[in-house]
Each structure stands twice: as C-alpha cells, then as structure tokens.
Amino acid sequence: MSDKIPLCVPSIGAEEHEAVRRVLESGWLTHGPHNAEFEELFAKYLGVRHAVCLNSCASALQLAIEAHGITGEVILPSFTFVASANAIVRAGATPIFADVDPTTCNIDPAAVAARIGPRTEAIMPVHFAGQSCDMTRLTEMADRSGLAIIEDSAETIGGLHHGAQAGSFGTSCFSFFPTKNLTTCEGGMLATNDREVAERVRILSGHGIAKTTYEKDQTAKPWYRSAVVAGYNMRMSNVQAAMGVQQISRVDDFNDRRRQHAAVYDEAFASIAELSPPVEVDGNHHVYQMYTVQTEGIDRDLFLEHLRRDGVGASVHFDPPVHEQQFYADVDPQRDLPVTEILSKSIVTLPMFPDLTETQRQRVIDSVRSAVEASRLIAVGAGS
Ligand SMILES: Cc1ncc(COP(=O)(O)O)c(C=O)c1O
C-alpha cells in the first residue's frame, strides 16, 4: 500500500525554522516586535490601512462584531464552518442564514436581499474555498441598507474580485490554521480601513489594556496597567508572528502552485459526467484553499470511503451545514436553504496543497476515476 496523501500539508521551509529559532533564543515569546512587522506586511498585501494579529479567525470574527457594536442580526451562509456563526452568537448578536449560489457555493446576493429586515446590522460573506463572494453586489446592498460588511476570509488569502483582494471590502478576518493559504500553526488576522475598529480590537484582544506588554516595556512605568474595558486574551505570540512574516512573503507562490494543481484536476475531471469541478467566476482570481467537486448520480459517502481506502485523504466541507447542527437547530426558524442542503450531501474536498507532487496528483485522479465507477447509482428501471 502506497503512502497516504493527506488533504493538506503546510509548506514550512528553512526560513520559518530559522525565524522561529531566533525568536525562541531572543526570549521574547509573547506578543512582540514580529507582530507589528507581520501586521504591516499583511495590511500592505491586502491594500488596507490596519491589520491586527490574533490567536484565530474565530477570535477575529467575534471581535469584529463587538468592535462594530453589532447586537442585532447578521446575515451569513449556513454553508460554512460553524466558527462563522459561533462568533456572531459569542458577540451577542443573532445569525440569520441565507442560501448560497449552487455554482460557487458562496452566499447568494439575492438570498441576502430577501433576508434583510429591520434588525439586520451586518452581512458576513464567507469566501468559500479560495474564491471571493460577489462583493460588487454585496457592498452595493450593504451601502444602500446601511449595513456593515464583516468578511469571513478564513479560506481565502490572495483571492481577487475585479483586482481587489478578498478581505479588503469591509472589516475582514483571516485564518492561519495549517490547512489555510498560509499558516502560523494557529492564528488569525483582522483587517480594516476603520482606525477605531482596529484600535478597539487591539484593546479587546489584550485584556482590555490599551498598551501591549511590549509597548509598556518601552515606557517609563512598564508596571502600570489599567484596563479600559473587560477584554480577552486573544493575542498571537511573537513566535507565530515570526512565522507569519515568512509565510506572507511566499503566499503568492503557494497560491500559484495551488492554481496549477487545480488546472490539472479540472482537465482530468471535465470528462467525468458525475463530477462538477469548481468554477472560477469571471473577474475572480481563485486561490483554491480547497479543491471541491460536486457529485451527482453517485453515492457520495461510498465515493469518499473508496478514496480513503486508497489512501486519498478526501473530506467534506461542509456536512452538516450550520443550521443542521444541534445548537443551531432552533436558531432562525424562517430559514430557507435548499441549495445548501443539496450541496452538503453532494460535495467532496480533494487533496490540495502547494507541495503536492505530480505522482500524488495522478494517484488522486486515478483513485477518483475508480471511485466514481465503484459508487455509481443505478437509475431505477435502467436495463430492466
Ligand atoms: C469559513 C471559516 N471561518 C472560520 C474558521 C475558523 O478559523 P480558526 O480555526 O482560525 O478560528 C474557519 C476555519 O476552518 C473557516 O473555514
């Protein structure tokens, strides 16, 4: 049996090892000078004014909502990781679910429009798997209705919408979990053009104290600490930030390689009637944080079992969707999510990461072909 092909393997090079080693030797492990460096590079990459390093995207989402003072309804897709909705609940607001577009799996602007009501305060577009939502229509809608945009860009770093970065349209949140476009082990970033939002997030993430430990260390009375709000500890460490500084300089190369793998997969799967490869919408630049195919006419779970028996680390994003999870079963009873419900039962995620080798990629393709044969549903009445 050949080696397993994981769903994702992070690309960690000699530069990251060296950067982390230096920080460990410096003795300054907590939030420190590399945080400011990483924030500056990240803000520049996105083309926004402010970026704040945090311990996760989940924290960034929660603090984004709190810092905007949102306590009413936030419209988001149910076809997402549960962290998107959890952040809304944790911040004291209410999630309202809108259906997604069947081609992109991104939130459908028409479905969002249908859910805007008197209590709506924000829209949370989730850029699924590396492709931007239709931010042209969503920002127009938000501007018209006076709503905030809180982008969940956990799955998209470097994706473009008409030349603008996903995550540059509102206050946005990114994840550096090891499966994402870049990694700091765990970690997240909040980005915004709103100086006050950035400042509130900085304070909330550091126990509610206006100056960080590193900044205080440079002052005359470093021991003086006065909280201005009851905050959290959601900081990123100096060690992770040092890794982030290296990774952000390599993210375009990572994404180019993801796109090359996607092109080979697309070509191989185009002739398989049961599979629909992902579609890159005109005007978008997809960065394939995940490579997902939609299946039809096969038993999806049997298909997955076949791949996994072959050592192909295929998975599903997302089944069940958020509204079918126990905690959310009774939240938003007015929801109407037919596309989400079909997608969650038909989608499959295949291995995708920059260092995927040609041999591994071909093994995935061969295994997908045989898995389709092994899991094809026989049409009722066919051949009888
Ligand atoms: C859409 C989405 N939002 C939020 C998160 C949470 O990210 P983190 O693990 O950094 O909190 C994820 C992570 O998988 C995600 O896919």
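How many residues of domain 1 are in contact with how many residues of domain 2? Here, 32 residues of domain 1 touch 33 of domain 2, where contact means that the C-beta atoms of two residues, placed from the backbone, lie within 7 Å.

A quick note before the views. This is a predicted model, so local features need pLDDT of at least 70 and side-chain atom pairs count only at pLDDT 80 or more, while totals for chains, interfaces and linings use all residues. Residues are numbered from 1 along each chain as its sequence is written.

**View 1. Where domain 1 meets domain 2.** The protein chain is split into domain 1 (14–250) and domain 2 (252–375), with bounds that come from an automatic or database domain assignment. Taken over C-alpha atoms, the centres of the two domains are 26 Å apart. On the side of domain 1 that touches domain 2, helix 4, strand 3 (94–98) and strand 6 (160–161) each supply at least two residues. Helices (H or I, at least four residues) and strands (E, at least two) are DSSP runs, numbered from the N terminus. Strand 3 gives the largest share of that side, three residues. By class, the side of domain 1 that touches domain 2 has 15 nonpolar, 13 polar and four charged residues. For these classes, Ala, Val, Leu, Ile, Met, Phe, Trp, Tyr, Cys and Pro count as nonpolar, Asp, Glu, Lys and Arg as charged, and the others, Gly among them, as polar.

**View 2. The shell around the ligand.** Of the 14 residues around the ligand, Ser56, Cys57, Ala58, Ala154 and Ser175 come nearest; to be near, a residue needs its C-beta atom, placed from the backbone, within 6 Å. Helix 3 (57–67) and helix 4 (82–90) each supply at least two residues of this shell. The shell divides into seven nonpolar, five polar and two charged residues.

**View 3. Helix 3 packed on helix 4.** Two packed helices are described by the angle between their axes and the distance between the axes. For helix 3 and helix 4, the axes come within 8 Å and cross at roughly 40°. Axes are lines fitted to C-alpha atoms, for helices over the stretch in contact, and angles run from 0 to 180 degrees between N-to-C directions. Helix 3 and helix 4 are therefore oblique to each other; angles under 35 degrees count as roughly parallel, over 145 as roughly antiparallel, 65 to 115 as roughly perpendicular and the rest as oblique. Their crossing is right-handed, the label used if the near helix is turned clockwise from the far one by less than a right angle, with anticlockwise giving left-handed. Helix 3 brings Cys57, Ala58, Leu61, Gln62 and Ile65 to the contact, and helix 4 brings Ala83, Ser84, Asn86, Ala87, Ile88 and Arg90. In this contact, seven residues are nonpolar, three polar and one charged.

**View 4. Helix 9 against helix 1.** Helix 1 (residues 14–26) and helix 9 (residues 238–248) pack at about 150°, with axes 9 Å apart. That makes the pair roughly antiparallel. The crossing is right-handed. From helix 1 come Glu15, Glu16, Ala19, Val20, Val23 and Leu24, facing a set from helix 9 that includes Asn238, Ala242 and Val245. The contact has eight nonpolar, three polar and two charged residues.

**View 5. Helix 9 against helix 2.** The axes of helix 2 (residues 33–46) and helix 9 come within 8 Å and cross at roughly 30°. That makes helix 2 roughly parallel to helix 9. This crossing is left-handed. Among the residues in the contact are Phe38, Leu41 and Phe42 of helix 2 and Asn238, Ala242 and Val245 of helix 9.

View 6. Most residues other than glycine have a negative phi, and most peptide bonds are trans. Alanine 129 is not a glycine, yet has a positive phi of about 65°.
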